[in-house]
Amino acid sequence: MAFFDVLMLGFSEALTPTNLLFCFIGALLGTLIGVLPGIGPTATVAILLPVTFFLPPLGALIMLAGIFYGAQYGGSTTAILVNLPGEASAVVTAIDGYQMARKGRAGAALAIAALGSFFAGTVATIGLAIAGPTLSSFALSFGPAEYVSLCIFGLLAATILAHGSVVKAIGMVCLGLVLGMVGIDVNSGSTRLTFGSTELYDGIDFVVIAVGLFGVAEIASNLEFKEARGVLQSTIGRLWPTRQEFKESWAAVLRGTAVGTILGVLPGGGATLSAFSAYSVEKKLSKTPEKFGHGAIAGVAGPEAANNAGAQSSFIPLLTLGIPSNSIMAMMLGAMTIHGITPGPSVIQNQPELFWGLVASMWLGNAMLLVINLPLIGIWVRLLKVPYRLLFPAILLFCCIGVYSVNNRGFDVALVILFGVLGYILRKAKCEAGPLLLGFVLGPLLETNLRRALLLSQGDPLVFVERPISAALLLVTAGMMLTLILPTIRRGRKEAFEASED
Amino acid sequence: MAGSSNLKRDYPDILAGAVMIGLGALGLWAGRDLRFGTGAAMGPGFLPDVLCGMLIAIGGYVLLKAFAKPSEAIGESNIKPLVILVVAIAGFAFLAEGFGFVVSTIWLLVIGSLADQDSRWKEIAISALLLTVFGAFVFIYGLGVQMPMLPF
């Protein structure tokens, strides 16, 4: 009965007119940026982060979450219709979805994608509702040593599951951790790494780094070359799938949901990894694997369900442990911090309306997305024609004003330039900025707990292996790092990511 | 570029290694006066020094490995848009507090729009005007961002 009570609490929070509005705005914005190539959910959340400062905490979180899962719906639309994935997670959808569109079955592909996403979103939301309280009550017993190990596990696992070189990603984590230490050290009161600038005493603002690395750097690389726009292949056709198409896709949706829900929880997981894994699962299990790449509907249904499930379930570690698993979750953490909420196990206990309101809004948002996407598909298709040169000045303005508004000073805007240039160089150097952001947000948590743990143990590092939970986490981390050295797994990982880069 | 030569050089990795070493060294230098402390009583410099050291070590490893990996070019680059964006944002940062929203935003939008090679003056004028009006209402009046509207 208690479960029912908290769920009612959640819905009563999520169903207030303002929160419904924020949910709708988030879902709509998410679809919009999902459809528009050249601007992704990470950049959008980064840009809108300062705006959420002016919103009530729950409304802000509801809106930012809506942007994330809304983008998963929107991204598939362009992938299917013009072979141009709006989001990285929709890249696999384009393979078979576009082929279906060429055969005049675009409508069915879009419908299966939307219905599969809705089903997956519902399941993953229930998963979050069940796993949340369980995991967080478990995490309440964590001491400093456990938190140190959890941070290390989260950061290293994220580098393994992320794209590209693990070594470079670990370097990025270190860089992020160092950046998180700029400012006055709370323990000793001495200023660290500020280069004598009083403006940096409070540290670098999270918004500055996020907007620089993901906003400005992204605009700069989008503008490097003339944009390539896909052409709408054919008419959308009848939306409702045939009986045969339903039969071929329902199992794929179920499997995709399972894959996405599980992979989304892992650090570094989330929508993109889930979609790619689901596609390979479908291809392996299919009786007709030769159909894949030529318009197999299972190749649309599985990944689409998976990316949406992954997007929802990646909230689990953030909301229960306070550990973000990817850069969007890092930004959600930033948004919570702006409002003075410390994400972690205590949120569910102390602010149940926040957790359950967000969970309930996710389900509502998914239902809204179904309406936003299917009947209104024509509008989104027309939006594809808006050229980037008209879009990016608006994005630029949002970036600058947003950053300025955090502390009402031009200094932060100037600092954005530094991170914009850094972000651009990192792109050229094929370094992911995501791990840097994770390091930056987890830095203070890691340092505080590391100091505390070692103070309590009087400098004895064995404390991390003597406590069972901490030892288990470190063991899993070490195991993961070891598997990377094994040649077969290394090759498998490389293949998986090379396939995803086409 | 690199593709035609027989030398084994992974240029993105060389860049990545150099950036990591450079930033790590910068961090060590900036934190040179901080007390290191001991494990049980860490000084403020403990973690920054350790992490910068790790950053340099990882950077060094990436850099050295880059000379043994198959050749890879950095890929075509066009830094003109980035330079224009930097100028536009720097102007905004400098103008915002003293000259107000209207001046700084028009600077940002007009200069920033030039970053696209397809930009047209007529479009820039219209979009700058619309966005300035929109921004003034939403940000300054609506959200109450603390920025003067005009220079006087």
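How are α7(A) and α20(A) oriented to each other? They are roughly antiparallel, because their axes cross at roughly 155 degrees and angles over 145 degrees count as roughly antiparallel. This is a predicted model, in which local features need pLDDT of at least 70 and side-chain atom pairs count only at pLDDT 80 or more, whereas totals for chains, interfaces and linings use all residues. Residues are numbered from 1 along each chain as its sequence is written, chains are lettered from A in the order in which they are written, and side-chain values use heavy atoms, without hydrogens and water.

**View 1. Helices α7 and α20 of chain A.** The axes of α7 (residues 144-161) and α20 (residues 434-456), which are lines fitted to C-alpha atoms over the stretch in contact, come within 8 Å.

**View 2. Helices α1 and α16 of chain A.** The axes of α1 (residues 2-14) and α16 (residues 352-373) come within 7 Å and cross at roughly 75 degrees, which makes the two helices roughly perpendicular, a term for angles of 65 to 115 degrees. The contact includes Phe3(A) and Phe11(A) of α1(A) and Trp356(A) and Trp363(A) of α16(A).

**View 3. The interface of chain A and chain B.** The contact takes 61 residues from chain A and 64 from chain B. Across this interface there are 3 salt bridges, each a side-chain nitrogen of Lys or Arg within 4 Å of a carboxyl oxygen of Asp or Glu. Glu72(B) forms a salt bridge with Lys430(A), where the closest N and O atoms are 2.8 Å apart.

Key:
Axes are lines fitted to C-alpha atoms, for helices over the stretch in contact, and angles run from 0 to 180 degrees between N-to-C directions. Helices (H or I, at least four residues) and strands (E, at least two) are DSSP runs, numbered from the N terminus. Angles under 35 degrees count as roughly parallel, over 145 as roughly antiparallel, 65 to 115 as roughly perpendicular and the rest as oblique. Contact means heavy atoms within 4.5 Å.
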